[in-house]
Amino acid sequence: MEPSPEEIWDLFSEDTITNEIVARSNAICPIMEPSPEEITDPFSEDITNEIVARLPVKSFLRCRSLCRAMRDLPHNPAFVHKHLQFSSQRNPNLILTDTICRDKGNNLNTLYFVHNEETPNRYSCHKVNLEIPKFQEFRVVGSCNGLICLVHPTKRYEICICNPCTGKHVQIPTPVSMRDRPGHIVVGFGVVPMTKKYKVLALVDFPLHNDFNPLQQKVYVHTLGDSGWRFKDNTSVLSFGHLVCKAFVNGALHWVSDSREIVSFDMDTEEFDVVPRPQLELGRGSFFLRAFKGKLLILNTSFADRIEIWIMEDYGDVESWTHIFTINEQQIGRNIRDVEIVCFLEDWEVLMVYDLRALLRYDLQKASLSELIDIGGLPKRFDAVAHVATLVSPLLTRDGEM
């Protein structure tokens, strides 16, 4: 049995207690509900939906559990889209995963939702109670419009798409047969902006016959709601170096290739391309990609004492790359090699994870740092992915949900 949306977060336990108290009091002194004719709604349905669409998911689900008129809204595509628009305008939240070692070498992953309370340095952390068969172990390899893509860390061809806020999920078929002896796999997840079709991309390495060194890379695409995968011709794909895609810009996924080129995959045309990068001082180092307000960012981590941040002002134009900020190790007082920039916030602030155990908030313009230390329930060690909390359902093309 899937948990209901009201059971997903532990924060709803207080509401449950309140409801039970109210129910007992009503049994002693029943409260008669007014008939529809006795209710005068001061707002039209459109105005009410416009107001409710501005609620964060946490608040919406709490109100929905108490308000009968709101219970069908998550099944209304127009409302879900409007709610997504408002949610996307807020600072992103975080999805955290930690790993607990169990007997016989098995691991158990736990998901946490870190909610941005819309005030500086104020966050709350809640454990997400997901019950997904075969996914006691997983890695989060992508987040898009409130949906996250989970991949099994050892059985890497088992993939699941879920909404951690509502608990809805769908396990998709494996892209290839294990009898073909596939090798390394890179997974990406995104959406076609115009059609709202969500797609999973799988790049799979296959050893060539009679030779264990050269590899042939094949491309497969799965659209949520379809029964299988589509094979794509792969004559121009560069070998990918990173498992996780953290830059979805201009309707395309972006990776850094093994040859340190920026490779994009357009979710609509399903074509690969190379995005020109600036002349970076790399040496033996490399760089990572992020997105902010629809623009592509480069985090140049090739230096021992700093991180350089570049932005592509005009997508596809190599001349528009601009070096905008540098984070020096002395400014943050920590080993820069142990710092990962997770996401960018308004007013050029960033959220960073230090040594997989601390959340930092850094103001790029003021060069000031604060550690987020008053977050109850934060796991001791964790990975983090930027996430927008929405009501989007991974089942939208199967049963008409949104």
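Where is the place of P278? Select P278: this residue is in the loop between strand 15 (272-275) and strand 16. Helices (H or I, at least four residues) and strands (E, at least two) are DSSP runs, numbered from the N terminus. The model is a predicted one, in which local features need pLDDT of at least 70 and side-chain atom pairs count only at pLDDT 80 or more, while totals for chains, interfaces and linings use all residues. Residues are numbered from 1 along each chain as its sequence is written, and side-chain values use heavy atoms, with hydrogens and water left out.

Stay with P278. Its relative accessibility is 7%, so P278 counts as buried (buried means under 20% relative accessible area, with a 1.4 Å probe and protein chains only). The C-alpha atoms of P278 and W310 are separated by 8.6 Å, and the two residues are 32 residues apart along the chain.

Zoom in on strand 6 (residues 159-162), which pairs with strand 7 over 4 bridges in the antiparallel sense. Here C162 stands opposite H169 in strand 7.

Then turn to the largest pocket, with a volume of about 1,200 Å³. On a 1 Å grid over the protein atoms alone, a pocket is an open set of points where a 1.4 Å probe fits, with protein on both sides within 12 Å along at least five of seven lines; lining residues have an atom within 4 Å of a point. The volume is the space filled by probe spheres set on the points. Select S143, N145, F248, A291 and V388, the closest to the pocket centre of the 41 lining residues. Elements that each supply at least two lining residues include helix 5 (77-88), strand 4 (139-144) and strand 16 (287-292).

Finally, display the whole protein chain, which has 7 helices and 24 strands. Buried residues make up 47% of its 402 residues.

Key
Pairing = 2+ DSSP bridges. Buried < 20%, exposed > 50% of the residue type's maximum accessible area, 1.4 Å probe, protein only.
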